[in-house]
Amino acid sequence: MTKKAVYRDENNMVHACTAVCPHLGAILQWNADEKTFDCPMHGSRFTREGKVINGPASSDLKILVLKEEQII
Ligand code: FES
């Protein structure tokens, strides 16, 4: 099972990416204050849509398409 980084925005749109950091594979954590997905291992940060903000990761998160039954 793939760990997912999922965010529902203010327009009720669901954004889903892999929660696996593209640097060395740590699992990202949600930062509710900054509304970012942060890597606890080396500090990479990603927007709620999965765009890389801070390295050492140099690529965005892989976008996932959720099935209707996966969205609560
Ligand atoms: S594993 Fe995420 S920044 Fe290194």
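Predicted model: local features only at pLDDT ≥ 70, side-chain atom pairs only at ≥ 80, totals over all residues.

User: What about the overall size? What box do the C-alpha atoms fill?

Analyst: Along the principal axes, the box is roughly 35 × 25 × 15 Å.

User: Which residues make up the largest nonpolar core?

Analyst: There are eleven in all. Among them are Ala-5, Cys-17, Cys-21, Leu-28, Cys-39 and Ala-57. Phe-37, Phe-46 and Leu-61 belong to this core too.

User: Pick Cys-39. What is it in contact with, leaving aside neighbours within four places in sequence?

Analyst: Cys-21, His-23, Ala-26, Leu-28, Ser-44 and Ala-57. Of that list, Cys-21, Leu-28 and Ala-57 are also members of the largest nonpolar core.

User: Back to the strands. How do strand 1 and strand 2 run, parallel or antiparallel?

Analyst: Antiparallel. Strand 1 covers residues 4–8, strand 2 covers residues 14–18, and five bridges join them. The pair forms a hairpin, with five residues between the strands.

User: Which residue in strand 2 does Ala-5 stand opposite?

Analyst: Cys-17. Both Ala-5 and Cys-17 are in the largest nonpolar core.

User: Is Asn-12 buried or exposed, and why?

Analyst: Exposed, because Asn-12 has 6 C-beta neighbours inside 10 Å, and 12 or fewer counts as exposed.

User: Which loop holds Lys-35, and what is its phi?

Analyst: Lys-35 sits in the loop between strand 3 (29–31) and strand 4 (36–38). Its phi is positive, about 55 degrees, although Lys-35 is not a glycine. Lys-35 counts as exposed because it has 11 C-beta neighbours inside 10 Å.

User: New topic: the peptide bonds. Which residues does a cis one join?

Analyst: Gly-55 and Pro-56, with omega about 25 degrees. Most peptide bonds are trans. Pro-56 falls in the segment after strand 6 (52–54).

User: Last one. Among contacts with a separation of 6 or more, what share comes from residues 24 or more positions apart?

Analyst: They account for 28% in the protein chain.

Definitions and conventions
Residues numbered from 1 in each chain as written. Core = buried A, V, L, I, M, F, W, Y, C linked by C-beta atoms within 7 Å. Buried ≥ 20, exposed ≤ 12 C-beta atoms within 10 Å, placed from the backbone. Contact = placed C-beta atoms within 7 Å. Pairing = 2+ DSSP bridges. Helix = DSSP H or I, 4+ residues; strand = E, 2+ residues; numbered from the N terminus.
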